[in-house]
Every structure is written in structure tokens, then in C-alpha cells.
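Hi,

Here is the structure I said I would pass on. Have a look at it first, and then read my notes below.

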Amino acid sequence: MTVYETPLPGIGSRKEIELRDGRRIGIVSHRDGHTELIVSSLEDPDACVASVPLSHEEAASLGALLSAPRLVAQLEDEHAEVPGISTRQMVLASDSPFVGEPLGVTRMRTRTAASIVAVIRAGTTHPSPGPEFLLEEGDVLIIVGTNEGLRRAAEILSL
Amino acid sequence: MNTTTLALIELGAILLLLGGLGRFAARIGMSPVPLYLLGGLAIGYGGILFGRDLNPMTHDSELVPFQDISEFTHLASEIGVVLLLLMLGLEYSARELVTGMRASWRAGLVDLVLNFLPGAVAGWLLGWGAAGAVVLGGITYISSSGIIAKVLGDLGRLGNRETPVVLSILVFEDLAMAVYLPVLTALLGGLTVAAGAQALGVALLVVAIVLVVGLRFGPQISRFVASPEQETFLLKVLGLALLVAGLAGALQVSAGVGAFLLGIAISGATAHSARDLLEPLRDLFAALFFVLFGMNTDPRTLPPVLGWALLLALVTALTKIATGYWAARRAGIGTAGRWRAGAALTIRGEFSIVIAGLAVTSGAMATDVSALATAYVMSLAVIGPVLTRYADGIGRAAARRQSRPAGAQTASGRAPDGRAADGRATDGELSLD
């Protein structure tokens with residue numbers, strides 16, 4: 001995917017990609033560090049239909065949401081030959097009892113036989129997190145297990 | 001009451017008034033600059049407070065508005081100009097300027113010719129001589145990069161394709177200021193045309209040297225100014241800016257240009273923290289500059305030049321639209337985008353007032369110039385942003401009208417799926433890599 005970068009003198013720069021339907025989607029990064037999400041209009045390709053200012057946390061969470069399905073798809077591919085095993089992404093909601101707790105507290109493997117193979121946070125993937133890994137609100141957990149195990153895992157996380 | 005207490009009361013009252021005006025401007029979503037000017041007009045010479053004294057023989061000597069702080073406000077407004085230009089310089093790095101110039105020099109020259117000439121011709125017709133023509137040309141030429149960036153951000157147009165076109169024209173204008181101001185200073189100083197040409201040569205040389213030095217030694221200069229503690233950093237930046245500005249003024253290069261060039265040379269993280277630190281100071285001193293400019297403008301001199309100001313505003317709004325339209329079309333932007341680019345450029349503001357302020361303080365110009373500049377800037381700083389907001393609708397209407405006779409052709413000569421056939425070329429041309 002080609003990323004087009006255009007300098008905006010005095011403001012920062014614009015980085016965007018072109019979608020299949022011809023629209024541009026990308027960001028304006030201001031020099032003071034904040035980011036704006038932009039989506040161009042179908043009707044007038046020069047103009048934007050959306051221009052949404054994002055804080056650091058918001059941008060990072062959006063990035064995690066967008067990148068998680070790709071990781072799930074990769075993992076699915078890798079154990080495609082093992083029948084009965086699937087991969088799911090689950091977002092740790094703010095009302096989950098495990099926000100701020102170490103991963104070990106969930107006792108996920110013991111209770112469901114499913115494994116948390118990765119945590120995506122702020123745009124970075126933390127692979128194979130240990131039991132001491134501290135969970136935070138908005139973390140995207142990548143979990144591998146049987147369908148039954150995954151269903152129970154979802155229940156435990158949202159309890 | 002002694003003079004000091006009186007001065008504190010007067011200054012406090014003025015700042016409070018400016019604060020109120022600024023709040024009102026923010027609430028209705030406009031730039032505070034025209035309101036500061038209006039406030040100055042109201043409380044200055046011939047305004048509501050000092051307007052009763054209609055005897056021109058006495059009002060100069062006896063009733064000086066806010067006499068107790070006149071020395072302070074005079075110096076403060078000079079500092080305001082230095083800070084306005086320093087902050088402008090800090091907005092850009094030398095590399096951005098060079099890249100911007102490369103992308104926009106053609107549009108920049110068209111802009112210069114189309115928008116300098118109407119002012120210059122008006123100055124000549126008004127009988128203000130060569131200096132007057134150059135002053136008025138500068139006033140009508142320079143768009144307000146500050147207000148334009150703010151308006152485009154507020155309207156969510158920073159992601160638009162025509163925005164880099166507009167911004168690179170502004171880069172050209174701001175660099176042109178660095179050459180223009182020294183020439184203006186020379187002309188206002190009563191120097192001959194030959195001396196003016198010499199000033200032009202010196203200015204071009206200085207700008208070129210600063211750009212090269214900024215590109216090569218930007219980090220070193222930044223490191224020299226940088227300081228881990230905020231207080232010492234503030235003192236160093238401000239001290240260096242005033243020192244450079246003063247020296248530049250002494251060398252006839254114009255104080256503001258010295259500060260602007262210093263701002264360009266400072267780059268990266270240092271420029272970022274300097275902007276953060278200096279912004280409140282700039283706001284304070286620039287506000288005092290605008291209000292003092294308004295105060296020194298007698299509202300009674302407004303009516304005779306009002307017609308000229310409005311005519312100039314109309315003509316130069318049209319010439320700016322033409323400039324933006326042309327530049328955007330060259331960059332492969334559709335009809336609506338061309339109108340948006342043109343409308344954004346019509347906004348004039350702080351730097352037109354800076355130019356008029358230089359002309360007035362030099363004493364070489366008739367006082368009419370401040371009245372004309374005030375009326376001109378007040379109209380375009382208000383109409384420009386409104387025009388920019390509605391340019392989208394105007395542009396779409398224009399695009400529809402264009403498409404009707406063309407029949408099967410789409411509005412802006414694009415492929416029917418809405419893709420810009422030439423979009424890539426546009427962005428590629430401006431792209432850094």
C-alpha cells in the first residue's frame with residue numbers, strides 16, 4: 001500500500017492512502033503532536049467529508065481496533081489445519097473486572113483451556129503476554145481456543 | 001493619584017476591554033484582530049472618549065488618549081510586531097520554505113502581480129507617491145497566514161487537496177515579506193530609488209544567507225537557544241529576538257524581518273517549545289499593537305477613504321480568488337476546490353496592519369493610510385472567512401453550471417467514478433519523497 005505524504009507548511013503533514021473506491025483516507029499530523037483523521041468525499045475528491053481530531057489515546061485505540069482483525073486472520077491461517085480451534089479478538093471494556101489486574105488473575109487457561117496469545121495496545125502488539133502482564137481498558141486480547149472455550153472466555157472477561 | 005497608578009488603571013482597562021472583545025470574537029467564530037482595531041478606534045483619537053474635543057487645534061496637544069501609558073504602549077506595540085514576525089518564522093523550517101517555494105513560485109508570482117498592483121495603483125491615484133504606492137500594494141498583497149490556517153482548520157479543510165496549494169502560496173508571501181519590508185523601510189526613510197534598490201539587494205542576500213545557514217546549521221542555532229528550564233529558555237529566545245530585531249532595524253533591514261529570519265533559523269523541537277512559550281506573549285503584545293493602531297487612527301478620517309477601502313477590498317478579493325483558482329487548477333484540483341482555494345486567500349489581517357503601522361510610525365505618510373488600512377482589513381478579515389465558508393456552495397454551483405453545456409462531461413473534467421485523474425501527479429509534485 002502506497003502512503004502519500006504531503007507537507008502542509010506551517011501546520012504539519014498529511015499522510016493518506018487511496019481506497020479501492022477512489023477515496024482518500026488518512027491523517028493530518030499537526031506539528032504540536034495531535035492527529036486528525038480525514039476521509040475524502042466521493043462526490044468531490046478534493047474535499048473531505050470527515051475531519052476528526054483524535055487524542056493520542058483515541059488514535060492508538062482506533063489503530064488497535066483496525067489492526068486486530070489482520071492478526072486474527074493470520075493466526076487463523078496458521079492453525080487452519082487443526083480442526084476445532086479458532087481465534088477471536090476481544091476488547092477489554094471499561095467495566096471488566098480485570099482492568100488494572102495482571103493477566104494471571106483471569107486464570108483463563110485453567111478455566112477455559114483458551115490462551116491469550118497476544119494483546120494489542122496503543123498500536124503495538126505484545127505477543128505471548130505472561131501472567132504478570134497488566135491489563136488496561138481498551139486492550140484488544142487475541143485469544144485462541146475451541147468455540148466453547150472462546151464463548152466462556154468472553155463471559156469471564158465481560159463479567 | 002500618581003502617574004503610575006493611573007497608568008496601571010488605564011492599561012488594565014484596555015486589556016480588560018481587549019479580553020471582552022476577544023471573547024466575543026471567539027464566540028461568533030471570527031478573528032479578534034478586526035475587533036481589536038475597532039476597540040482602538042472607539043477609545044482613541046476622535047473616538048467616543050476623546051471625540052467631544054472637536055477643535056483640531058487643541059486635540060493633538062491637550063487631549064492625548066491614555067497619555068500615561070503612551071510610552072509603554074508604543075514600545076509594547078513594537079515588541080508585538082517583533083513577536084508576530086518571530087512566531088511566523090517559527091512556524092516554518094528552512095526546509096519547508098525551500099520545498100514550498102519550489103512548489104509554488106509560479107503561483108506566488110501570479111499572486112504578487114495580481115494583488116500588489118491594485119493597491120499600488122490606488123496609492124498612486126490617491127497621490128501618495130512612490131512610497132504610498134508600495135505601502136498600499138503591500139497591504140493588498142499579503143494574506144493573513146494566521147487567520148487562514150485557523151479558518152481552514154475550523155472548517156475541517158486541512159485534509160483537502162487544495163489546502164497545500166493555498167499554504168504554499170502563503171509560504172511565498174511570507175518570504176516575500178522578508179524582502180519587501182526592508183525595501184519599504186528604505187523608501188519610508190526617504191531614501192532614493194537607487195538606495196531602495198540597494199536595500200532590495202541586501203535584503204535578498206540576507207534572506208538567501210539565512211536560508212542556507214538555516215538548512216546547514218539549524219540544529220546548532222536551535223541548540224544554542226534551547227534550555228531545559230522554561231524561564232531561561234523564554235529569556236534567551238526573547239532576548240535574542242529583540243537583540244536581532246534591534247540590530248536589523250539599525251542596519252535598515254527592518255526589525256520585524258530580523259525576528260522573522262531568526263524564527264526560520266530556529267527549528268525542530270526548539271521551535272516547537274518556543275512557539276508554546278511565546279504564544280501568550282505574542283497574543284498580549286500583538287493585541288496592544290492592534291489596539292494602539294486603532295487608537296492612533298482618528299475615526300473622523302475614515303469616511304473620506306471608506307469608498308476607496310471598499311473598492312480595493314472588492315477588487316483584491318476578486319484578484320485573490322483568481323490567484324487561488326488559477327493555482328488550484330494548475331495543481332489539478334476540481335472547480336469547487338478552486339473556489340475554496342481562492343476564497344481562503346482573500347483573508348487579509350495582521351500583516352497588512354503591520355505594513356500600515358510601519359508607514360504611520362515613519363511619519364512619511366499621510367495619516368489617511370491608517371484609516372484606509374483599518375477599513376480595508378476590517379472588511380476582508382470579516383468577509384474573507386465568511387466567503388471561505390460558503391465557497392464550497394459557490395464552487396459547486398459554478399461546477400454545475402459548467403457541466404450543463406458540456407453535457408456528458410462531468411463537472412470538473414474528472415472520470416465519472418469521482419476519481420481525480422490527475423490527483424496523484426498533484427500530490428507527487430508536492431510530496432517530500
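This is a predicted model: local features need pLDDT of at least 70, side-chain atom pairs count only at pLDDT 80 or more; totals for chains, interfaces and linings use all residues.

Let's start with chain A. It has 9 strands and 3 helices, and along the sequence they come in the order β-β-β-β-β-α-β-α-β-β-β-α. With a radius of gyration of 19 Å, well over the 15 Å that the globule rule gives for 159 residues, chain A is more spread out than a compact globule. Its C-alpha trace spans about 55 × 35 × 25 Å along the principal axes. Of the 159 residues in chain A, 31% count as buried. Looking at contacts in chain A with a separation of 6 or more, 48% are between residues 24 or more positions apart.

Next, where the two chains meet. Chain A puts 24 residues into the contact and chain B puts in 33. On the chain A side, β1 (4-8), β4 (35-40) and β5 (48-54) each give two or more residues, and the largest share, 5 residues, is from β1(A). By type, that side of chain A has 11 nonpolar, 8 charged and 5 polar residues.

Finally, a helix pair in chain B. The axes of α1 (residues 3-27) and α2 (residues 33-43) of chain B come within 9 Å and cross at roughly 145°, and the crossing is right-handed. Leu17(B), Leu18(B), Leu21(B), Phe24(B) and Ala25(B) of α1(B) make this contact with Leu35(B), Tyr36(B) and Gly39(B) of α2(B). Of these residues, 7 are nonpolar, 1 is polar and none is charged.

Cheers

Technical notes: Residues are numbered from 1 along each chain as its sequence is written. Chains are lettered from A and ligands numbered from 1 in the order in which they are written. Two residues are in contact if their C-beta atoms, placed from the backbone, lie within 7 Å. Helices (H or I, at least four residues) and strands (E, at least two) are DSSP runs, numbered from the N terminus. Ala, Val, Leu, Ile, Met, Phe, Trp, Tyr, Cys and Pro count as nonpolar, Asp, Glu, Lys and Arg as charged, and the others, Gly among them, as polar. Axes are lines fitted to C-alpha atoms, for helices over the stretch in contact, and angles run from 0 to 180 degrees between N-to-C directions. A crossing is left-handed if the near helix is turned anticlockwise from the far one by less than a right angle, and right-handed if clockwise. The radius of gyration is taken over C-alpha atoms; the globule rule is 2.2 Å times the number of residues to the power 0.38. A residue is buried if 20 or more other C-beta atoms lie within 10 Å of its own, exposed if 12 or fewer, and partly exposed in between; C-beta atoms are placed from the backbone.
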